[in-house]
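This briefing sets out selected features of the structure shown below, grouped by topic.

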Amino acid sequence: QVQLVESGGGLVQAGDSLRLSCSASGRTFSSSNVGWFRQPPGKEREFVAHVTWNGRYTAYADSVTGRFTISRDNAKNTVYLQMASLKPEDTGVYYCAAAGSGSDQRSYPYWGQGTQVTVSS
């Protein structure tokens, strides 16, 4: 069992940076792949980024490639999403999820409650 808590969201201006954290409890977190997903207002939840359990492989949605960086510190049971050059279209509720595969939301059994990111123009 893994419990996830996201933090770091907020209201920022276009061009700003923000770092989200996903803190986990549970013995299996350090051996779990982790993904970040987001749900823009009025839209379905979508894939943002993914990192393998050992941090060696990452993948990103085209819309965030070059601006967002996912990383993890297994000693702290935490996964980060560093977001730079934020755009208004990055607005949404950001969720982390664990123990899944890549960008497939349906494969992730564990989810956090989400953190709101709002980017003003």
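A polar contact is a pair of N or O atoms within 3.5 Å; within protein, one must be able to donate a hydrogen and the other to accept it, and residues adjacent in sequence count only if both atoms are side-chain atoms. The side chain of R38 makes such a contact with the side chain of Y94, at 3.0 Å. The model is predicted: local features need pLDDT of at least 70, side-chain atom pairs count only at pLDDT 80 or more, and totals for chains, interfaces and linings use all residues. Residues are numbered from 1 along each chain as its sequence is written, and side-chain values use heavy atoms, with hydrogens and water left out.

**Setting of R38**

- R38 belongs to strand β4, residues 34-39; strands (E, at least two residues) are DSSP runs, numbered from the N terminus.
- R38 counts as buried because its relative accessibility is 4%; buried means under 20% relative accessible area, exposed over 50%, and partly exposed in between (1.4 Å probe, protein chains only).
- A further polar contact joins the side chain of R38 to the side chain of D90, at 2.9 Å.
- Apart from neighbours within four places in sequence, residues in contact with R38 include E44, R45, V48, S63, F68 and V93; contact means heavy atoms within 4.5 Å.

**Salt bridges**

- The whole structure holds 4 salt bridges, each defined as a side-chain nitrogen of Lys or Arg within 4 Å of a carboxyl oxygen of Asp or Glu.
- One of them pairs the side chains of R38 and D90, with an N to O distance of 2.9 Å. This pair links distant parts of the chain, with R38 in strand β4 and D90 in the loop between β8 and β9, 52 residues apart. Both R38 and D90 are buried.
- The side chains of E46 and R38 also meet in a salt bridge, at 2.7 Å from N to O. E46 counts as partly exposed because its relative accessibility is 28%.
- Another salt bridge joins the side chains of R106 and D104, at 3.2 Å from N to O. R106, at 78% relative accessibility, counts as exposed, whereas D104, at 31%, counts as partly exposed.
- Through shared partners, salt bridges join R38, E46, R67 and D90 into one network.

**Nonpolar core**

- The largest nonpolar core has 30 residues, and those with the most contacts inside it are W36, L81, M83 and Y94. Such a core is a set of buried Ala, Val, Leu, Ile, Met, Phe, Trp, Tyr and Cys residues joined through side-chain atoms within 4.5 Å.
- The elements that give two or more residues to this core are β3 (18-25), β4, β5 (46-51), β7 (68-73), β8 (78-83), β9 (92-98) and β11 (115-120).
- Leaving aside neighbours within four places in sequence, Y94 is in contact with residues including W36, L81 and M83, as well as R38.

- Antiparallel strands β7 and β8 are joined by 6 bridges, and the bridge partner of D73 in β8 is T78.

How values were computed:
Helices (H or I, at least four residues) and strands (E, at least two) are DSSP runs, numbered from the N terminus. Two strands pair if DSSP finds at least two bridges between them.
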